[in-house]
Every structure is written in structure tokens, then in C-alpha cells.
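Colleague: Before I use this model, I would like to go through the terms applied to it. Please set each one against its definition.

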Amino acid sequence: MKEKELPYLPERLLPFFADRARDLPWRVNRTPYAVLVSEIMLQQTRVDTVINYFNRFMTELPEVRDLAEAPEEKLLHLWEGLGYYRRVRNLQAAAKMIMSDFGGKFPADETELRKLPGVGDYTAGAIASIAFGLPAPAVDGNVLRVLSRITCSSWDSDSAAAALRKQYPAERCSDFTESLMELGATVCVPNGAPHCGTCPVKDLCAASAGGWQFWPKKPDKKPRKREDLSVFLLRFHDRIACRKRPDTGLLAGLWELPNLPAPAQPDPRWGNVIETRKGKHIFTHVEWHMTVYTIEAAAEFPEFVWTVPGELPLPTAFRKFLG
Ligand code: SF4
């Protein structure tokens with residue numbers, strides 16, 4: 001019975017969390033808005049990176065209403081460099097829905113929270129438990145890793161959520177969710193050996209004596225698709241040429257440097273090519289192999305938007321060539 005150790009988790013993890021939780025800005029004031037913003041930022045992004053982005057975001061847009069009403073360019077600037085821009089679009093769509101459908105207040109209910117754009121079971125559970133103190137598990141890769149190692153068995157999100165839901169301690173739901181996250185992030189770590197010697201559940205854990213590397217079982221990874229691009233960095237004095245990407249697909253609706261599938265060459269009427277460089281950018285499912293042509297432009301051609309670098313939010317895939 002793989003669940004037999006789980007009832008011991010609260011008594012082990014709550015003191016661990018009280019003693020060893022990291023100071024993180026979103027833990028200072030656990031409002032539903034702060035939990036939502038931090039959890040969306042933390043998807044795909046490391047905590048160290050998120051801290052500054054989170055602080056800046058909350059200073060500029062301190063309330064859900066501010067986010068709902070923020071102009072798109074401001075939002076993209078606040079997100080610039082974090083990648084996965086669909087997240088910030090969903091974040092704003094969620095804020096708008098809170099304002100229009102919920103009277104400006106987050107619903108204290110997992111099912112209602114799941115209706116918000118970009119909010120799935122994990123984020124709904126995180127907001128419901130951390131901000132509202134409800135017994136709602138937030139199961140992500142960290143939690144699945146911890147459970148699968150403790151029990152040396154496979155879990156999926158639904159079975160893990162169902163098993164954990166029964167263990168939530170009344171009055172400490174918020175800390176219990178965060179303690180599981182903390183254990184997965186700092187002790188039973190995703191990369192490299194877990195720190196079993198300092199783990200509060202070591203004596204309960206089936207993998208502590210060895211074999212942690214077999215859990216969780218890894219699905220076969222599909223290779224990333226390769227795309228070759230010619231990228232044109234047109235400079236006219238201190239300005240560069242940009243344009244908007246299509247509204248669908250990768251980096252939808254964001255600014256970009258003009259580009260074409262390789263081996264396209266720069267249009268000779270643009271001016272002289274003064275440098276050619278190679279670069280690569282890796283997305284989750286695609287990798288771009290880029291040949292970047294820096295061009296001394298003969299004029300500000302009207303098919304592009306001309307801007308001083310830094311004025312428009314450019315995704316990292318392009319921004320890294322501006323230096
Ligand atoms: S004892 Fe080791 S493998 Fe088990 S949960 Fe703790 S850190 Fe992970």
C-alpha cells in the first residue's frame with residue numbers, strides 16, 4: 001500500500017518548513033494575487049531569476065486591478081527576458097476575469113479558480129491552499145518527485161492530489177503546501193543527488209537507502225525540432241529595425257528582429273552587411289539556429305518599426321544580439 005507513509009508528512013514537514021524555509025518575497029504577504037503572479041512566473045523559471053522580476057512586477061502593478069488595466073507594452077517590458085510570454089498574457093486575462101466576473105476578488109474555491117485563464121490544477125491548488133488556507137494540493141514535478149521517491153512507486157498528478165488531500169492538516173494548509181514545495185526544491189532536488197542526510201522524511205523514505213535516481217520514472221523525450229533562420233539586425237544610426245510577429249505560434253504577437261528561413265540573404269537595397277554571426281536559442285520544443293547579419297541600413301525603411309534598443313520589449317532570442 002503505497003500511501004502508508006503519507007500520514008506522517010505533516011508532522012515532519014511543518015517543523016522543517018518553520019526552520020528551513022527560504023525567505024522569498026511572495027511569502028511575506030500571501031495574497032491570492034501574489035501567489036498567482038509568483039506561481040505563473042515560477043513555471044519554467046528558476047527562483048533566483050524570478051525574485052527580481054516579481055518585486056518589480058508587484059511594485060509596478062501592486063493590485064489585480066492594476067494588472068487588468070496595464071497596457072500591453074508595459075506588461076511585456078515587465079516580462080522581458082522571462083520567456084514563455086503566453087504566461088503574462090494569460091495572467092492579464094485572469095486579472096481581467098477577476099475584475100469582470102468576480103467583482104475584483106479572487107474566489108476562495110479551487111473549481112472557480114480553475115476557470116481563470118492559465119490557471120490549471122496546480123496553480124488553483126497553490127492559491128486555494130497558500131492564500132485561502134484550504135486543503136487543496138498543488139502537485140507539480142517537485143511534489144511528484146518527492147512522493148515517488150518516498151514510496152518508490154509511480155504517481156500521476158491526480159493520484160498524488162487525491163492522496164495528499166487526505167493529509168492536509170486543518171489550520172496549516174498553507175504551510176503544508178509550501179513545505180512540500182520546499183522539500184522538493186531544496187532537499188529532494190531535481191538535478192543531482194538528493195540531500196537525504198538532512199531530509200526530514202529520511203526514515204520514511206524508501207529511496208533514502210539508494211535507488212533515488214530511478215524515481216520518478218522518466219518518460220522518453222522527443223527530440224527538439226531544429227529551425228534555421230537568417231536574422232537581420234538593421235541599424236540606422238542609434239536605431240534598429242523591428243517588427244511584430246504573427247498572433248499565433250511561437251512568441252506570438254511579440255516584437256522581433258526581421259528574419260526569414262535560412263539560407264535567405266539580406267536584401268541588397270537595405271545597405272552593407274558589416275558583420276555575420278552565428279547564434280542559437282533553445283525553446284522547449286524547438287531550437288533556432290540563427291545566422292545574424294548586422295547591416296548598416298541605408299535608410300529607415302517603412303516596412304519596419306525603428307526603435308532605440310531597449311525601447312520595445314524584445315524576446316531574449318533576439319535581444320542577445322544587440323550588445
Ligand atoms: S530521503 Fe532523500 S530521496 Fe527520500 S525524500 Fe528525502 S531527499 Fe528525497
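Modeller: I start with strand pairing: two strands pair if DSSP finds at least two bridges between them, and strands (E, at least two residues) and helices (H or I, at least four) are DSSP runs, numbered from the N terminus. This is a predicted model, in which local features need pLDDT of at least 70 and side-chain atom pairs count only at pLDDT 80 or more, while totals for chains, interfaces and linings use all residues. Residues are numbered from 1 along each chain as its sequence is written.

Colleague: What makes β5 and strand β6 (residues 286-297) a pair?

Modeller: A pair needs at least two bridges; 11 bridges join β5 to β6, and the two run antiparallel. Within β6, Thr291 stands opposite Lys278. With 3 residues between them, β5 and β6 form a hairpin.

Colleague: Why is strand β5 (residues 271-282) said to lie largely in the open?

Modeller: A residue is buried if 20 or more other C-beta atoms, placed from the backbone, lie within 10 Å of its own, exposed if 12 or fewer, and partly exposed in between. Of the 12 residues of β5, the number that are buried is 0, so the strand lies largely in the open. For the chain, 33% of the 323 residues count as buried.

Colleague: What makes a set of residues a nonpolar core, and which members of the largest one touch the most others?

Modeller: The set must consist of buried Ala, Val, Leu, Ile, Met, Phe, Trp, Tyr and Cys residues joined through C-beta atoms within 7 Å. The largest such core has 80 residues, and Val35, Val37, Ile127, Leu233 and Leu234 touch the most other members. Helix α2 (residues 32-42) gives the largest share, 8 residues. At least three residues come from each of domain 1 (6-138 + 156-183) and domain 2 (225-319), with bounds from an automatic or database domain assignment.

Colleague: Which residues is Leu234 in contact with, leaving aside neighbours within four places in sequence?

Modeller: Contact requires C-beta atoms, placed from the backbone, within 7 Å. By that rule Leu234 is in contact with Ile240, Ala241, Pro258, Trp270, Ile295, Ala297 and Phe304.

Colleague: How many residues of domain 1 and of domain 2 are in contact with each other?

Modeller: 7 residues of domain 1 are in contact with 5 of domain 2. The centres of the two domains, taken over C-alpha atoms, are 35 Å apart.

Key:
Contact = placed C-beta atoms within 7 Å.
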